[in-house]
Every structure is written in C-alpha cells, then in structure tokens.
Amino acid sequence: MTAIYKRELKSYLTSMVGYLFIFFILVLTGIYFSAYQLSAAYPKFEYTLSAITFVFLIGVPILTMRVLAEERKQKTDQLLLTAPVSVSGIVIGKYLALVTVFAVPMAVMCTYPLIMSRFGTVEFASAYTAVLGFFLLGCANIAIGVFMSALTESQVIAAVLTFVFLFAFYMMNGISSFFSQTSMSTCVTFGLLILAAAIIIYTMIKNILISAVIGVIGEVALIIIYVVKSSIFEGGIQKVLDVFNLSGHFDNFTSNIFDIKGIVYFLSVIAVCLFLTTQSILKRRWN
C-alpha cells in the first residue's frame, strides 16, 4: 500500500492536476478571507469556510476523475491487480494520496486564524473546529469521487458523475423541501422506490419471479406498517434525504459545536465509498 501511495502522490505532484486543485482552493479561500476577515474585519473564520463549500463541486471531480478511470482505460489496472497487494490496499493507497494533496491547502488555511489574531481577538477553538469539519467534508467528497472513478474508464464521465452527485448532496436541503411531509405522500414515495428496486433486481438477475416476489413482499409490508401506524411515515422522506446531506452535517462545525456524530458520519461515508470502490474493482476483476 505504501508503494501505491508514493506512486500516486508523485503522479499528482509532478503534474498540473494536484497543483491546480491546491491553487483553486487557496485562491477562493483567499478571496473570501480578504472580503470577510481583512476588509469587513469579521472575526469568525468559520463563515469563510462555510461560504466556500461549493469549491468541492469543481475541485473534487478534477482531482479524482483519473485516479482509477485512467488505470482502467490504459489497462494498467491489470498490473495493479497482479501486484502483491490487496485491492483494498490499492484503493486506500490511492485515496490517502488524494487526501495528502487536499491536506496541503488545509495546512495553509490553518494559518489564517493566526493571521487574524494579529488584528484582534479570535476564538481559536471555534475556528479550528470549523477547519476540522471542512477537512472531513472534503475527505468525504474525495471518497465519493474515487468511487465514481471506479465505475467507468472515461475520465470525463467520472468527472460528470462526481459533479452530479456532489451537486445533489450540496442541494439536498432544497430537494427535500419539494416533498410533502405527510404520511400518505411518504408512503407512496417509498412504494415507488420499492417498485424501482424490484425492477433493478430484475435487470441484474433476469428472474421475473424472484423480482416480483421481492416487490410484492415489500409493498405488502409497507401497506401493513402504514395501516398499523401511519404516523411513522411523517417526514420520512426528509429523514432519508438528510442522510445524504453532507453540508448539513458540516453546519454544526461552523456553529462552534464539536459534533461527534458529524465526525462518525463523515468517517462512515468515507468507509462506505471505499468499500464500494473495492467491491466494484473486485467484481470487474472476477468477471
């Protein structure tokens, strides 16, 4: 894994991709820092971090689009898969290299509260709590980008998929507001999701009987639960969508809250994405 990590990190630091990512983050951070802290003399650095979360929508797709897609396109993934290292070791090594690149602008940003302290009083605990949350948010976004890169051999498609998913997660508050919180609408939505799941299962196993049985059992169970206790469905869609609301979990860090649940959430997102990436590679390997 160490060899993979060093190889990948070297590839980013000897090309323009890594430096472009670092430059992009630092430029936007500098612009907002100058506007909020230096010009307006606002003492809370966390507001700057909250304002630039959109940077991941552009920076992460550029950074992660080639990490696995390029290996697959050039057929060099076969060399990696026959190397004396596990697939999970390959994925983790590549991911840690990306995190290291992201850690470079984060290290620079850690000096901003120190600069602010030269001109007034700064709440360092609040500022660095927000820095921690921003770093975890970035790591979670990078993990999603790595997973998307494992699904295709086209760097362009990988970048587009990453942008679409990150944008959907970024706009999750707005998306959830479109859905009604009533029990009936939530139940109908879940019913449609069960139907969609049955169709997806059919496309995977090509067995209409098993797919139909799974769909019918799911729909019947849903109806029974609704009849017995319909109140359990109130706001259910919003609760489900909140699981994918990455920015919402970051908001607690910008509110001077050391959110343990937020840390666990971001680490869980990272673990799930890396696990899915590993399984995607293993499936292609055995096929």
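The following legends describe close-up views of a predicted model. Residues are numbered from 1 along each chain as its sequence is written, and side-chain values use heavy atoms, with hydrogens and water left out. In this predicted model, local features need pLDDT of at least 70 and side-chain atom pairs count only at pLDDT 80 or more, whereas totals for chains, interfaces and linings use all residues.

**View 1. Packing of helix 2 (residues 16-39) and helix 4 (residues 55-64).** Helices are DSSP runs of H or I with at least four residues, and strands are runs of E with at least two, numbered from the N terminus. The two helices pack at an angle of about 170 degrees, with axes 9 Å apart; axes are lines fitted to C-alpha atoms over the stretch in contact, and angles run from 0 to 180 degrees between N-to-C directions. Helix 2 is therefore roughly antiparallel to helix 4, a term for angles over 145 degrees. V17, L20, F21, F24, I25 and L28 of helix 2 meet V55, I58, G59, V60, I62 and L63 of helix 4, contact meaning heavy atoms within 4.5 Å. These residues comprise 11 nonpolar, 1 polar and no charged. Ala, Val, Leu, Ile, Met, Phe, Trp, Tyr, Cys and Pro count as nonpolar, Asp, Glu, Lys and Arg as charged, and the others, Gly among them, as polar.

**View 2. The largest pocket, with about 360 Å³ of space.** A pocket is an open set of points on a 1 Å grid over the protein atoms alone, where a 1.4 Å probe fits, with protein on both sides within 12 Å along at least five of seven lines; lining residues have an atom within 4 Å of a point. Of 14 lining residues, I144, F169, F244, V269 and C273 lie nearest the centre. Helix 16 (260-286) gives the largest share of the lining, 6 residues. The lining has 13 nonpolar, 1 polar and no charged residues.

**View 3. The second largest pocket, with about 160 Å³ of space.** Its lining includes Q37, Y42, M116 and T121. By class, the lining divides into 7 nonpolar, 3 polar and no charged residues.

Note on methods:
Parallel < 35°, antiparallel > 145°, perpendicular 65-115°, else oblique. Points joined across faces, edges and corners; volume = space filled by probe spheres on them.
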